[in-house]
Amino acid sequence: MPSFTGMAMTDADVQRVMHEMPYGLYIVGSKEDGGKVNGMMADWVMQVSFEPRLVAVSFENNSHTLANVRERGYFSVNLLAQDDEAMELARSFAQPFSGAKVSGRRGDEATKVHYKLEGLDYRLTEHGCPVLDTAMAWLECEAEQFIAIGDHTLVVGRVLDVRIEREAEPLTSTYTGWTYSG
């Protein structure tokens with residue numbers, strides 16, 4: 001059997017392999033203390049327990065939504081379908097809450113705040129988290145654990161409520177051709 005010892009791994013090699021890893025595209029909703037709701041695109045979401053039903057979402061450490069979840073304790077996960085409407089919706093969420101978070105933005109674009117739910121149809125869960133009318137399914141969770149992992153925080157949430165709104169194939173990076181691997 002050939003040995004791989006001595007082969008140098010480069011950052012480019014790691015990034016290329018990570019780009020090939022498929023993931024789902026989800027809209028995570030939260031509520032701010034002032035009552036305004038927020039949504040962000042999340043790529044790293046998974047079920048982590050059957051009993052109790054737990055899911056984990058990975059947030060960038062400086063995420064506005066993570067701050068909301070820490071403060072309020074609840075979040076929603078909206079599953080999108082593989083269709084043109086969901087693709088268009090996902091595009092509008094592919095930016096951070098604060099324009100300053102994107103390197104190189106200047107002037108109005110650097111100071112712009114993106115409330116990505118403005119103009120979209122949604123309803124609120126029992127705990128005030130947004131559920132998109134276009135979602136194929138959704139979950140509402142109560143945050144139970146916050147685990148610091150590198151430049152992200154893994155939030156483990158207990159599933160409180162769920163609904164399947166319509167039958168469809170879930171939106172994935174394989175379908176969109178998008179990657180999120182740093």
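Q: Within the protein chain, what share of contacts between residues at least 6 apart in sequence joins residues at least 24 apart?
A: A contact means heavy atoms within 4.5 Å. In the protein chain, 63% of contacts between residues at least 6 apart in sequence join residues at least 24 apart. This is a predicted model: local features need pLDDT of at least 70, side-chain atom pairs count only at pLDDT 80 or more, and totals for chains, interfaces and linings use all residues. Residues are numbered from 1 along each chain as its sequence is written, and side-chain values use heavy atoms, without hydrogens and water.

Q: How many helices and strands does the protein chain have?
A: Both are DSSP runs, numbered from the N terminus: helices are H or I of at least four residues, strands are E of at least two. The protein chain has 5 helices and 9 strands. Their order is α-β-β-β-β-α-β-α-α-β-β-β-β-α.

Q: Which strands pair with β1?
A: Two strands pair if DSSP finds at least two bridges between them. Strand β2 (residues 37-42) pairs with β1 in the antiparallel sense over 6 bridges. Here Gly29 faces Gly39 of β2. The two strands form a hairpin with 5 residues between them, and Gly35 in the turn has a positive phi of about 100°. Strand β5 (residues 74-79) also pairs with β1 in the antiparallel sense, over 4 bridges. There, Val28 stands opposite Val77.

Q: Is β1 largely enclosed or exposed, and why?
A: Buried means under 20% relative accessible area, exposed over 50%, partly exposed in between, with a 1.4 Å probe and protein chains only. In β1 (residues 26-31), 5 of the 6 residues are buried, so the strand is largely enclosed by the rest of the structure. For the protein chain, 40% of the 182 residues are buried.

Q: Which residues of α3 are buried?
A: An α-helix has 3.6 residues a turn, so residues three or four places apart point the same way. In α3 (residues 84-93), the buried residues are Ala86, Met87, Leu89, Ala90 and Phe93. They span an arc of only 165° around the axis, which puts them on the same side of α3. The arc is that of the directions from the helix axis to the C-beta atoms. Asp84 and Glu88 are exposed on the other side. The cover over the buried residues includes β1, β2, β7 and α5 (173-176).

Q: Where does Thr125 lie, and is Thr125 buried or exposed?
A: Thr125 sits in the loop between β6 (122-124) and β7 (130-132). At 10% relative accessibility, Thr125 counts as buried. Beyond neighbours within four places in sequence, Thr125 contacts Val131, Trp138 and Glu140.
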